[in-house]
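The sequence and the structure are shown first.

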Amino acid sequence: MLRQSRKMAHLRHAQTQPDGPCQTGFQDVHLLHNCLPGIGMADVSLKTAVAGLALPHPLIINAITGGAPDVAQTNRALAQVAKAAGCAMAVGSQYASLEDKSVRHTFSCVREEYPDGVLFANLGAHVSLDEAQEAVEMLEAQALQIHLNVGQELVMQEGDRDFAGYLDRIASLVRHLSVPVIVKETGCGMGAEQVRRLAEAGVAAIDVGGAGGTNFLAIEAARSGQMLASELMAWGIPTAISTVEAKAVLPPAVSLIASGGLRTASDMVKSLALGAHAVAVAGPVVQRLAVSAEQAVQWLAALRYEIQQLMVLCGAENLAALHAAPLVITGQTAEWLRARGLYPDSRSAVKQS
Ligand SMILES: Cc1cc2nc3c(=O)[nH]c(=O)nc-3n(C[C@H](O)[C@H](O)[C@H](O)COP(=O)(O)O)c2cc1C
């Protein structure tokens, strides 16, 4: 089946396609060193919450796979990694399992491996309420991610060509589904205008899925042997910018997840300082898991420690303090944000205390 062989191809190409070529923008975001932090490593709390769900730390393993017999083992291993690292985890799109019940176990195995984990179901924005509820129940998920991937679909030869009605369906899911709805992009980012409309539709969280990391337009082009125009290769809103765009319009009750090309603890702390409540990664986990589950767990544990170190260096004992920490944005990212009326803000001014 086409959908099933696609899952394998995505995992394969995610290991060979480079990030970008669009840059995430984090090179333009600068945290300020605090030489008098007044705290130590033991004082730092990484606790956070997304969509009303308490998390011990902000690292999430984002949607990757499921839906083909050959990827069941990968999903099981991902769940073991998530459990060992204490991460919330999203599964890949469950649509295949709504069409073909024989692959449901490739998703439900994640709950078997991680019985007390925070798990997110995942579907596209074209699904019905019944389909969404079925996906949630299959995983006993605490939330549903709805992925937006217009760029990928347009490049995918067998992809969708009609994207009408998404917002109305999302609003209806928000009203009737038994769990909170998270809307995520998959590498092209979100602008403030769309984030505002999603917040008005009542979503519990936004995952900006910005540009600069795993590039699904490039993956689809590689999968079908197409040459993509350079503008399309670099299409999307860089992750750092998308995070600021989203934060500027989100009401405090809606959680913000930064993702798309987050590769270092520094990228993650910058995301959190820009206002994110959590950070999510996909491509690097696939790459490390291809070596061993142990590598993936160690990478996540090291990130967690380095995030804590960087928070001490910023004098931030928790995420609320990091949200208020001063930062400077330079270069193209500042230029973009200035043009959009989003920078400078009070946090880039010298504090009077
Ligand atoms: C192999 C692979 C498969 C993916 N499949 C899905 C999917 O089914 N649904 C989804 O919402 N996102 C999917 N994604 C996108 C990721 O969740 C994430 O948004 C994107 O890869 C950007 O993050 P990254 O740069 O850390 O990889 C997939 C990513 C990878 C690497």
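The model is predicted. Strands of a sheet pair through backbone hydrogen bonds, in either a parallel or an antiparallel sense.

## Strand 8 and its partners

Strand 8 covers residues 181-185 and pairs with strand 7 in the parallel sense over 5 bridges. Between these two strands, His 147 has Lys 184 as its bridge partner, and Gln 145 stands opposite Ile 182. Strand 8 also pairs with strand 9 (residues 205-207), again in the parallel sense, over 3 bridges. There, Lys 184 stands opposite Asp 207.

Strand 8 is largely enclosed by the rest of the structure, because 5 of its 5 residues are buried. Val 181, Val 183 and Glu 185 point one way from the strand, while Ile 182 and Lys 184 point the other way.

In soluble globular proteins, nonpolar side chains tend to be buried together. The largest nonpolar core here holds 105 residues, of which Met 89, Leu 144, Ile 206, Ile 257 and Val 279 touch the most other members. Helix 14 (residues 293-314) gives the most to this core, namely 7 residues.

With neighbours within four places in sequence left aside, the contacts of Leu 144 include Phe 120, Ala 121, Leu 123, Ala 132, Ala 135 and Val 136. Leu 144 is also in contact with Leu 177 and Val 179, as well as with Val 181 and Ile 182, two residues that point opposite ways from strand 8.

## Around the ligand

Which residues are the closest to the ligand? They are Gly 92, His 147, Gly 213, Thr 214 and Gly 283, out of 26 residues that surround the ligand. Two or more residues of this shell come from each of helix 1 (2-16), strand 7 (143-148) and helix 13 (283-291). The largest share, 3 residues, comes from helix 1.

By residue type, the shell divides into 8 nonpolar, 17 polar and 1 charged.

Note on methods
Residues are numbered from 1 along each chain as its sequence is written. This is a predicted model: local features need pLDDT of at least 70, side-chain atom pairs count only at pLDDT 80 or more; totals for chains, interfaces and linings use all residues. A residue is near a molecule or strand if its C-beta atom, placed from the backbone, lies within 6 Å of it. Helices (H or I, at least four residues) and strands (E, at least two) are DSSP runs, numbered from the N terminus. Ala, Val, Leu, Ile, Met, Phe, Trp, Tyr, Cys and Pro count as nonpolar, Asp, Glu, Lys and Arg as charged, and the others, Gly among them, as polar. Two strands pair if DSSP finds at least two bridges between them. A nonpolar core is a set of buried Ala, Val, Leu, Ile, Met, Phe, Trp, Tyr and Cys residues joined through C-beta atoms within 7 Å. A residue is buried if 20 or more other C-beta atoms lie within 10 Å of its own, exposed if 12 or fewer, and partly exposed in between; C-beta atoms are placed from the backbone. Two residues are in contact if their C-beta atoms, placed from the backbone, lie within 7 Å.
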